[in-house]
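This report describes parts of one protein structure for a reader who has not seen it before. The sequence and the model come first.

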Amino acid sequence: MDLTIVIPAYNEARRLPGTLAHMTSWLATKPWASEIIVVDDGSTDDTVQAVTAAKRPVRLLSHQQNLGKGAAVRRGMLAGTGTWRLLCDADLSTPIEELDRLNEYRAAADIIIGSRRVSGATIGRRQAWWKVRFGQLGNLLVQILLLPGLKDTQCGFKLFHQRTMPIFRQQRVNRWGYDFELLYLARLSGWRIREVPVRWDNDADSKVTISAYLTTLGEIGRILWYRWRGYYRR
């Protein structure tokens, strides 16, 4: 298997049918052997039914209760069989077509991340001003305290080689801060990370709230605590 696409989903019954239809249609034009894994994170709507009714070649994994996006991503990544494994959000804020950009760097990196903050990135629909400000603050703290040099750790479009899967087994953060924890673990392990500009459009129905931003900032502190306690193995 060349590619696994992992889609974490919580109450995504409305968006998933269109996303899966578009994604499978696009993949059909490619020469790769691929699979799609949707991880239902304890949804309370008809997410499971939407996936099973889509009549697409999709693997469905389910949590009995909501464990957090980080937990859903971890389960999907470790269940995948692809040599490369793509994290892709259900809303396709970064279009699946942007995978072509990431693929250009496969020979030069172990982890390739889509970025909205490097030269060449394109922002279509923008976020509300307060989300932009919270995002800038969080990004600044992540760069200072955890990941100097990476401009955008939170874009939900990341490609991992199968050899990097041990970082998911070490992952401890199950909620919003899982992105920068995984990249921090990757740095500790010596994996090569490449940041690539992508197109991104804000989804008006995004589930990210002020409390999510505050939780994310708090998780920076959790990761620093884990590091100080020696929970992360090099």
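## Helix α7

The expected span of a helix is 1.5 Å times one less than its number of residues. The model discussed here is predicted. Helix α7 covers residues 178-189, has 12 residues and reaches 16 Å from its first C-alpha to its last, close to the expected 16 Å.

Because 10 of its 12 residues are buried, α7 is largely enclosed by the rest of the structure. The buried residues are Tyr178, Asp179, Phe180, Glu181, Leu182, Leu183, Tyr184, Leu185, Ala186 and Leu188. After α7 comes Gly190, which has a positive phi near 85 degrees.

## Helix α1

Helix α1 spans residues 16-27. With 12 residues, α1 reaches 16 Å from its first C-alpha to its last, close to the 16 Å expected. Buried in α1 are Leu16, Thr19, Leu20, Met23, Thr24, Trp26 and Leu27. These residues lie on the same side of α1, because they cover an arc of only 160 degrees around the axis.

Among the elements that cover the buried residues of α1 are the strands β1 (3-9), β2 (34-41), β3 (58-63) and β4 (84-88). The helices α2 (47-53) and α4 (99-103) are also included.

## The sheet

An open sheet of 7 strands runs in the order β3-β2-β1-β4-β7-β5-β8, and its pairing is mixed. At the edges are β3 and β8 (193-197), each of which pairs on one side only. On average, neighbouring strands of this sheet are turned by 20 degrees against each other, direction ignored.

Within the sheet, β5 (residues 111-115) and β7 (residues 157-161) run antiparallel and are joined by 3 bridges. Ile113 has Lys158 in β7 as its bridge partner.

Methods: Residues numbered from 1 in each chain as written. Predicted model: local features only at pLDDT ≥ 70, side-chain atom pairs only at ≥ 80, totals over all residues. Heavy atoms only, no water. Helix = DSSP H or I, 4+ residues; strand = E, 2+ residues; numbered from the N terminus. Buried < 20%, exposed > 50% of the residue type's maximum accessible area, 1.4 Å probe, protein only. Arc of directions from axis to C-beta. Contact = heavy atoms within 4.5 Å. Pairing = 2+ DSSP bridges. Axes fitted to C-alpha atoms, helices over the stretch in contact; angles between N-to-C directions.
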